Amino acid sequence: MTFQPAAGARDLNPQQVERNQVLSERLASVYRVWGYEEVAPPRVERMSTLKAGGGIDSKDIVRLVAGEPLGLRPEMTASIARAACTRLANRPRPLRLWAVGTVFESKESVDGGISIEENLQSGVELFGVHDIAAEMELLSLLLETMEALELKENLGTSLLIGHTSLMNLILKPFCKVQREIVKKALINYDRLTIETLEIDKEVKNILLSVQECRGYPIDVLTDLATLIGEEKIILSLKRLFMTIEPIATEHGVTIQLDPTFQPHFDLYSGIVFQLVCQDNSAPIVIAKGGRYDELMNRLGAEINNQAGVGFSYSIDKLRELIPQNKDNSTSSGSILVAFSSDKRLEDALKRQNELHKRGLRAIVELNHCKKRDEAISLLAKRNCNQLDWVD
Amino acid sequence: MITVALAKGALLKDSVTRFAKAGLDFSAVLDPDNRQLMVPSSCGRANALLVRNGDVPVYVAYGQAQLGVVGYDVLREQQMPVAQLVDLGFGGCRMAVAVKETSGYLRAAELPPHCRVASKFTNCARQFFDELDLPVDLVHLTGSVELGPITGIAEAIVDLVATGRTLKDNGLIAIEDLFQSTARLVGHPLSLRLDRGNLQEIIEAMRS
C-alpha cells in the first residue's frame, strides 16, 4: 500500500515552503505600508457563506461531512466580507484588510471522481468606498505589489479588465433565456455559438464586433460607445484608466480592457480583473479580483456600507515565476557544529546556542567525528558552508 | 511562438491544408517517415503538436496550444473549456443510435428502459437518453463498438457514422441521430483575449 496525499492537495518541500514565505512577506510588506491590517478568516465556513449568495456554485466547494452544511473556503473574499458586515461593521470606513491562507476548490478529476485543488492565496479587501476611488487605490496597490514581487523579467504581464455593467449593457437587448446563452458564449469566447444564434442579423453583428472589441482601454471605450451608446459607466471608466495607465506603464504592465471578460466565480458586480503573465508556455493568471457590492448586500451590510473591492494573488503560481538567483534561500550559508570524540554533545549544543545568540544559522552534528577532516567532509551533505569544530 | 494541436488520423490531411492557406505550412507531419511529435512550420512562426483526437481539447484548454483542430463529437463528449471559433466543414459524420437490423426498434425511445447501450461517447449518450427521459445502462467501450449488439453485451450502440458501411456490414442500422459533427477550429480563451493579432490573422484566414 502506498501513502500519497489526496489528488490535488499540496505536499510542499522545504524550498517551496520557503519561497511561499518569501513571496507572502514581499506582498505583506506592501499591504502594510498602504495601511492594510491582517485578518485570518476561517478555512471552514457554513455553505451559505461560501456560496456567497449564489455567486459560487456548490460543486466548486469541497463539502465536509458534518451535522450542518459546512465546506472548505474556495476563496477568502466571502469570509472576510462576512466579518466586515458583522463583527467589524462598526469599524470606520474605509476598512482595509489583508489575509494570506489556503483555499480549496473542488474539481472533477479525469476518472470522474472529485479532486481537491489547494492553493495558497494572499490578497486585500477594501470596504466602504462606493465610488471609483476604491478601484483607483486597489489597482495602484496591485501594480505596486508587482514591483515588490521581483518576478522574472520579460513576462509580458497584462492586466485584463472587464466590467459587469459593460456586460449588462451588451446583454440588454436579450430576453432572460437568451441572455444566459449569449453571456456564456461571450465569456467562453465561443464565436460559433454566436454565429448560429437565431437572432436579428444586426444584433448578431454587434455581438460579433463586441466579441472582438478589446485592447487599449480608451480606444475600446470609444468603440463601445459607438456600438452600444454613450453610457455613464463608459465615462466613469475613462477616468479610471486615465489614472491607472501611467502607473501600469511605469511597472511594465499592459492594461487591456475586455468588455466580454468575466471570471469563473460570479462574485462580482462592477470591475473585474486578472493579472496575467506569459512565461514560456501558457498564460498564467497570477492575481484576480474586482468589486463585489452585491455580495455585501447579500451578506446583510447596511446600505451605506454595501461596497467592497479586493484582489488575491496565487502564491503557488507566482513561485514558478521568481528567478532562481533572487530566491532568498537560507538553506546554504549555515554553520555545522561538530565535536571530536574528546567532547560531548552537550558541548556542541552549548556552542550552537552561542552562535544562535549571534543570529547565525547553525546546526549540530549529533554524533562525534573522529577527525576534523571527517567533519569537513560532512559539510556538503548537511547543506552547510562553514565548520565550527569543538575539540 | 504559436502552438497548434493537430489530431492524428482522418482529420490531419485537411487540417494541414487549411493551416497552409493561413500561411502555416505543417506538411512535414504528413511525411510517412515523420516520427517527430512537435513539428515546426516551414516559416518557423509556429509549432504543430501531433496528438490523439481526444487530446486536442486538453492541450488547448490548458493553453499549451493556442489553437487546435478537432471534431465536434470530441468537443461534445469532453466538454472542455475551449472556444469554438470556426466550423471547418470537413470530417463530416453523425453521432447516431444504432441497433441490430432485426431488432425491430425504429426510434431510440422504443428501446426498453434500463437496456444496455454501448458507446465510446458515454457523455453524449448519457445526455441524449436523459433528454429522452429513458433510463439506460451505459457500457463504455474504447473501439469496435459495433460488436456490442452482435455479442449481446448491449442492445444498442451510440457511435459515429460516416458512410454507414461498417454498420451495414455488421448487420446494424442507425435509427436516430444525436447530432452532426464536423471539424472545428478551437482556441484557448485566455490566449485569444491576450492575442495581439497573430492568432486573429490565422483564424480569419481559416474562416475564408
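How far is the sulfur of Cys384(A) from the closest cysteine sulfur? The distance is 12 Å, to Cys369(A), which is too far for a bond. This is a predicted model: local features need pLDDT of at least 70, side-chain atom pairs count only at pLDDT 80 or more, and totals for chains, interfaces and linings use all residues. Residues are numbered from 1 along each chain as its sequence is written, chains are lettered from A and ligands numbered from 1 in the order written, and side-chain values use heavy atoms, without hydrogens and water.

**Cysteines**
- The whole structure holds 0 disulfides over all chains (a disulfide is a pair of cysteine sulfur atoms within 2.5 Å).
- Cys384(A) is buried, at 9% relative accessible area (buried is under 20%, exposed over 50%, partly exposed in between; 1.4 Å probe, protein chains only).
- Cys93(B) is buried too, at 14%.
- The sulfur of Cys93(B) lies 11 Å from that of Cys124(B), its closest cysteine sulfur, too far for a bond.

**Sheet in chain A**
- An open sheet of 3 strands runs β13-β12-β14 (chain A), paired in parallel (strands are DSSP E runs of at least two residues, helices H or I runs of at least four, numbered from the N terminus; pairing takes at least two DSSP bridges).
- β13 (362-364) and β14 (386-390) of chain A are the edges; each has a single partner strand, so one side of each lacks a neighbour in the sheet.
- The twist averages 25° from one strand to the next (axes are lines fitted to C-alpha atoms, for helices over the stretch in contact; angles run from 0 to 180 degrees between N-to-C directions).
- Strand β12 (residues 335-339) of chain A is joined to β13(A) by 3 bridges.
- Val337(A) has Val364(A) in β13(A) as its bridge partner.

**Helix on the sheet**
- Helix α13 (residues 345-357) of chain A packs on the sheet and touches β12, β13 and β14 of chain A (contact means heavy atoms within 4.5 Å).
- The direction of α13 makes about 170° with that of β13(A).
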